[in-house]
Amino acid sequence: MNHSRRFTLGALTVAIVSALTGPALAQDFPSKPVTLVVPFPPGGITDQIARVLAGKLQEDLRQTVIVDNKPGAGGQIAAQAVRTQPADGHTVFVAATEMFAVNPTLYRKFSYDPVKDFQPVTALISSPLVLVVPKGSPVNSVAELVAASRKDGGLNFASQGVGSIGHLLGELYRSRSGGDFHHVAYKGSAPALQDLMGGQVDLMFDPVITTAPLIQSGKLKPLAIAATKRAAQLPEVRTLQELGTTGVDASVWFGAVVKAGTPAPAVARLNESLAKALRSPDVVKRFTDQGLQPMPMSPEAFGSFMKEEITRWSALVKTSGASVD
């Protein structure tokens with residue numbers, strides 16, 4: 001046998017082996033425990049979502065699924081934990097809008113690129129924001145709110161922090177409505193809502209998941225939903241668009257990504273398993289009862305969605321002038 005023929009047969013053998021083992025490798029995923037890395041402490045919304053999905057993934061993937069909380073630095077600590085692991089799909093970054101679409105622009109120095117450093121798996125959940133005022137506020141509509149803001153030096157709006165979705169949406173609402181609103185930043189949603197209920201601030205944009213119970217118990221008054229459609233938990237509350245203010249809509253959303261370079265079969269298997277979990281009746285009921293809307297997508301669709309959100313929120317960050325060192 002001559003050398004060229006031997007080389008041809010060798011190459012053919014490699015191709016056949018690769019073709020046969022490729023599907024086997026896909027079927028072998030996951031071959032070890034899967035870790036869901038969450039950039040927030042235990043007990044928060046993202047952590048709760050991850051733990052519900054971890055239980056479902058464990059059943060479907062037949063592997064142990066661990067939730068690993070790595071809070072701090074605007075998601076950079078969690079992101080780095082994912083980036084330092086092999087690109088094999090066994091370490092998944094589960095994060096919210098800020099980590100993917102806001103913080104890369106908000107922080108003066110940011111250590112990761114959500115598009116270049118990660119491979120999209122799927123969007124997970126969304127929750128629209130609602131414009132709320134204290135129970136004792138004399139304001140009962142967005143028209144009255146804007147009118148009141150134009151008197152006596154304006155009104156103060158609370159947010160979950162500098163560069164948060166609530167902050168950016170508040171700034172957008174100020175520019176679109178022509179109201180005189182001044183930003184007051186808090187360290188998280190809970191202290192902001194506490195001061196709002198106490199009347200120390202005048203209004204706030206916050207997700208339905210945290211505000212619905214306070215609205216239903218009569219502690220807050222909802223004026224409008226900042227989304228393209230009404231919220232299932234507050235069906236009587238009209239959207240800002242219905243009330244004449246267009247372009248002021250946002251939802252907090254959560255998604256799952258893996259390290260860039262992860263093999264497509266592993267990404268596909270994770271996507272399939274997460275989509276199955278998000279469509280299971282018990283999970284749908286649990287999330288929708290909390291004001292959360294499951295939103296499974298293909299990796300390609302989620303990738304496009306992320307890029308659109310990055311473009312949108314980075315522009316708002318720059319317009320607002322917000323930044324974090």
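Predicted model: local features only at pLDDT ≥ 70, side-chain atom pairs only at ≥ 80, totals over all residues.

**Strand S9 and its surroundings**

Author: Strands S4 and S9 pair in the antiparallel sense, and nine bridges join them. How enclosed is S9 by the rest of the structure? Seven of the nine residues of S9 are buried, so the strand is largely enclosed.

On the S4 side, Pro120 is found in the strand that runs over residues 118-134. Pro120 has a relative accessibility of 15%, and because buried means under 20%, Pro120 counts as buried. If its neighbours within four places in sequence are left aside, Pro120 is in contact with Ala256, Val257, Val267, Pro299, Phe302 and Gly303. Among these, Ala256 and Val257 fall within the residue range of S9, 251-259, while Val267 falls within that of helix H9, residues 264-279, and Pro299, Phe302 and Gly303 fall within that of helix H11, residues 299-320.

Leaving aside its neighbours within four places in sequence, Thr91 is in contact with Thr35, Val37, Ala81, Val82, Gln85 and Val258. Of these, Val258 lies in the range of S9, whereas Thr35 and Val37 lie in the range of strand S1, residues 34-38.

Helix H9 meets helix H2 (residues 45-61), and their axes come within 9 Å and cross at roughly 120°. H2 and H9 are therefore oblique to each other, and their crossing is right-handed. On the H2 side the contact is made by Leu53, Lys56, Leu57, Asp60 and Leu61, and on the H9 side by Arg269, Leu270, Ser273, Leu274, Lys276, Ala277 and Leu278. Sorted by class, the residues of this contact are seven nonpolar, one polar and four charged.

Helix H11, in turn, packs against helix H4 (residues 97-106) at an angle of about 40°, with the two axes 8 Å apart. H4 and H11 are therefore oblique to each other as well, and this crossing, too, is right-handed. From H4, the residues Thr97, Phe100, Ala101, Val102, Thr105 and Leu106 meet Met306, Glu309, Ile310, Trp313, Ser314, Val317 and Lys318 of H11. The residues of this contact divide into eight nonpolar, three polar and two charged.

Some backbone details in the loops deserve a careful look alongside this region. Most residues other than glycine have a negative phi, and most peptide bonds are trans. Against that background, Phe29 and Pro30 are joined by a cis peptide bond with omega of about -5°, and Pro30 lies in the loop between helix H1 (3-28) and strand S1. Arg62, which is not a glycine, has a positive phi of about 60°; it lies in the loop between H2 and strand S2 (65-69) and, at 76% relative accessibility, counts as exposed. Asp152, also not a glycine, has a positive phi of about 55°, and this residue lies in the loop between helix H5 (142-149) and strand S5 (155-159), where its relative accessible area of 81% makes Asp152 exposed.

Finally, the setting of S9 can be given for the chain as a whole. The chain has 11 helices and 10 strands, and its C-alpha atoms fill a box of roughly 95 × 40 × 30 Å along the principal axes. Of its 325 residues, 50% count as buried. Among contacts in the chain with a separation of 6 or more, 76% are between residues 24 or more positions apart.

How values were computed:
Residues numbered from 1 in each chain as written. Heavy atoms only, no water. Helix = DSSP H or I, 4+ residues; strand = E, 2+ residues; numbered from the N terminus. Buried < 20%, exposed > 50% of the residue type's maximum accessible area, 1.4 Å probe, protein only. Contact = heavy atoms within 4.5 Å. Pairing = 2+ DSSP bridges. Axes fitted to C-alpha atoms, helices over the stretch in contact; angles between N-to-C directions. Parallel < 35°, antiparallel > 145°, perpendicular 65-115°, else oblique. Left-handed = near helix turned anticlockwise from the far one by under 90°. Nonpolar A, V, L, I, M, F, W, Y, C, P; charged D, E, K, R; others polar.
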